[in-house]
Amino acid sequence: VLLAKLIAPKAGDRICDPACGSGSLLITVAEEVPFKKGTYVRDCSLWGQESNGNTWALGKINMFLHNAEAKIEWGDTINNPKLVEGDSLMKFDVVVANPPFSLDKWGAEHAVNDIHKRFLRGVPPKTKGDFAFILHMIDTAIEKTGKVGVIVPHDVLFRGSSERAIREALIKENLLEAVIGLPANLFYGTGIPAAILIFNKGKKNKNVTFIDASKEFEAGKKQNKIREEHINAIVSAFKNGNEIEKYCHIAAFEEIEQNDFNLNIPRYVDSFEAEEQIDVKAVQKEIDLLENELVEVRLKLSS
């Protein structure tokens with residue numbers, strides 16, 4: 001729900017998830033769009049691709065049950081993208097995904113010769129496919145208006161080598177709009193902290209919004225949960241674009257450049273909480289009173 005509200009799709013949008021699983025994220029994003037007049041069909045089209053055959057089948061059923069106008073393809077998005085028009089990748093108004101974290105053996109050996117030229121900004125490490133999905137998503141967003149929202153493991157923000165070069169390229173192209181740190185243990189199957197990256201091909205300025213929402217959650221036995229009030233606070237901070245102490249910072253390009261294109265959120269949002277000062281004299285006075293009371297009790301017990 002948080003990603004859907006941050007990306008804010010409009011009526012008539014083409015919405016894509018290139019790692020759509022059973023389609024739940026696509027459905028959630030579509031629910032932000034009004035119904036077509038006089039119907040119970042959302043005024044948008046949904047597109048997706050999923051590599052796991054069983055999950056792909058579930059996604060097809062999910063679209064049918066939700067009466068969605070959708071086309072879900074089966075295949076490997078990075079090595080064999082199926083959402084194409086002629087020889088080119090299809091373009092979408094909104095591209096969202098929660099791709100597999102740090103996918104090993106994603107197909108780096110084929111990236112240099114990619115016919116769609118998705119890796120001109122750099123080839124991600126062969127054991128970490130996070131930026132492979134990000135680059136695919138950006139290249140399938142419509143020029144000058146398309147938006148991308150992707151959930152990534154936190155270390156995508158600061159890993160070096162080719163990933164640093166890709167971050168630099170995306171920031172210099174003025175595509176990155178926001179970095180939002182999420183609580184740990186939020187997603188099924190992994191307890192590591194994650195982040196949301198928002199890219200916008202229609203950005204109006206060169207600033208990047210950093211939000212530290214890592215403490216905005218309700219603790220659960222197996223998983224943490226972001227409540228509605230947390231979602232509203234994050235979305236409000238993102239849309240308003242104002243500084244909020246220990247929560248939200250608006251970083252200029254020069255600041256990110258000075259940080260060598262490292263997007264680690266604590267570099268931009270100081271969320272450190274100073275410990276409360278202890279009044280040593282007051283504590284000592286209380287200890288003395290307790291010791292005197294203890295002496296009196298012992299005297300009574302021994303008499």
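Look just past the end of helix α6 and you will find asparagine 174, whose phi angle is positive, at about 60°. Keep in mind that this is a predicted model.

Now step back into the helix itself. Helix α6 spans residues 162-172, and eight of its eleven residues are buried, so count a residue as buried here when its relative accessible area is under 20%. Which residues of α6 are buried? They are Ser162, Glu163, Ile166, Arg167, Glu168, Ala169, Leu170 and Ile171. These buried residues have several packing partners: the helices α5 (130-139) and α8 (253-258), together with the strands β8 and β9.

Strands of a sheet are held in pairs by backbone hydrogen bonds, and a pair can be parallel or antiparallel. Are β8 and β9 parallel or antiparallel? Strand β8 (residues 176-181) runs antiparallel to strand β9 (residues 194-200), and five bridges join them. Within this part of the sheet, glycine 181 sits opposite alanine 195 of β9.

Nine strands make up an open sheet with mixed pairing, and you can trace them in the order β3-β2-β1-β6-β7-β9-β8-β10-β11.

Key: Residues are numbered from 1 along each chain as its sequence is written. This is a predicted model: local features need pLDDT of at least 70, side-chain atom pairs count only at pLDDT 80 or more; totals for chains, interfaces and linings use all residues. Side-chain values use heavy atoms; hydrogens and water are left out. Two strands pair if DSSP finds at least two bridges between them. Helices (H or I, at least four residues) and strands (E, at least two) are DSSP runs, numbered from the N terminus. Buried means under 20% relative accessible area, exposed over 50%, partly exposed in between (1.4 Å probe, protein chains only). Contact means heavy atoms within 4.5 Å.
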